[in-house]
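Hi,

Here's the structure I promised to pass on. My notes on the strands and the nonpolar cores follow below it.

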Amino acid sequence: MSPNALELRDVSKSFGSVEAVRDLSLQVAEGEILALVGPSGCGKTTLLRLIAGFETPDSGTITLGKKTVADGSTELPPEARGVGMVFQDYALFPHLTVAGNVGFGLDRVPAKARTETVAEKLALVGLQGYAERMPNELSGGERQRVALARALAPQPVIILLDEPFSNLDADRRITMREEVRGILKSVAATAILVTHDQEEALYFGDRLAVLKAGSLQQVDTPEGVFHKPLNVSVADFMGQTELVTGEVTPVGIHTEIGMVPQKIDLPPGTQVQLAVRADDVDIEPRSGAVAVIRERQFKGALNLYKVALPSGQILHSLQPHTLILPSGTAVEVKLEPGHPLACFHNGNAITAESAS
Ligand code: ATP
């Protein structure tokens, strides 16, 4: 196991009556990328600002590398913490060249070493030959690469990226996230990415930390968070999940769309909820079937169907683009997950195993 680059212990921060970060403990290992996700207002930016030193915790300890940077008695200023920041709006200095921006944090480095570092970081982000350009002569993606080079130049303990791809259009966003992740990994940088985009978090993070109302809900691998959400809020936030109510029976969970052969360690008759995603649901047109297609969204390679069950519950089903069914078609709905579905009782996950 790599040592920790960052450790937060029982950190809290309130603004008046708003508890923006609540009793939060978290470690990020050296070389690890953590994606911090959660709905708007859940405390993501406040957490980054606490780590960077722009906010002071009300209580708790923050350690960066081997240094305690905040613990009630100590409070190191941002410039003494060894933190690099990359922001959504790039925050480049408009009056400085690209080289001036990248070298900005190296004011104590001798001129020759500074020039070398700037050239090395520009090469790392693929911007050789851009040193003398001004920020207004760059595209959004190029500006973000300059911001990344600037953040990496002083060799920080950790890089904090706050929604760095939000200002880019959809295509550019996907290529930029691949490029930035590749650059961070090539230099084994430790990083925290803040995003409200689940897909981006699943791609970018070695682990994900899911935050809700200032509290950490789950810290796990992308697969762990996606397939085994610890509670209903995580399942809900990770997107395209419908909660289907079922009843525990000796042979599985009985739902409106049939028996799900998962054995649950709860007494028969207990009401539970299953997290069902669009890729778990299969549909087949059949006259007389009680579920009805409400809508088809063309997604290119796939069609996403919205299906209404007799109870009024809506499910989504992902189908190949070759299956075209008009609204109003009666369909049989089958759960074909190929894996145990996440199952919740009173909002919290319970262990579910496939019946043999
Ligand atoms: P978003 O995704 O919308 O950027 P976020 O998860 O980054 O949201 P924060 O900006 O950390 O959320 O805010 C957390 C809570 O703290 C919110 O309720 C916000 O209104 C409040 N808050 C943040 N900064 C301040 C401040 N300086 N003064 C008062 N309240 C604040």
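First, a term: two strands count as paired if DSSP finds at least two bridges between them. Helices (H or I, at least four residues) and strands (E, at least two) are DSSP runs, numbered from the N terminus.

Before the details, note that this is a predicted model, where local features need pLDDT of at least 70 and side-chain atom pairs count only at pLDDT 80 or more, while totals for chains, interfaces and linings use all residues. Residues are numbered from 1 along each chain as its sequence is written, and side-chain values use heavy atoms, with hydrogens and water left out.

On to the strands. β1 (residues 4-15) runs antiparallel to β4 (residues 59-64), with 5 bridges, and Leu6 sits opposite Leu64 of β4. β4 also pairs with β5 (residues 67-70), again antiparallel, over 3 bridges; there Leu64 stands opposite Lys67. The β4-β5 hairpin has 2 residues between its strands, and Gly65 takes a positive phi near 60°.

Now the cores. A nonpolar core here is a set of buried (under 20% relative accessible area, 1.4 Å probe, protein chains only) Ala, Val, Leu, Ile, Met, Phe, Trp, Tyr and Cys residues joined through side-chain atoms within 4.5 Å. The largest has 33 residues, and Val102, Leu148, Ile159, Leu161, Val180 and Leu184 touch the most other members. Elements giving two or more residues to this core include α3 (111-124), α4 (140-152) and α5 (170-186); α4 gives the most, with 6 residues. Apart from this core lies another, of 27 residues, among them Leu26, Val28, Val83 and Ala209.

Cheers

Terms used: Buried means under 20% relative accessible area, exposed over 50%, partly exposed in between (1.4 Å probe, protein chains only).
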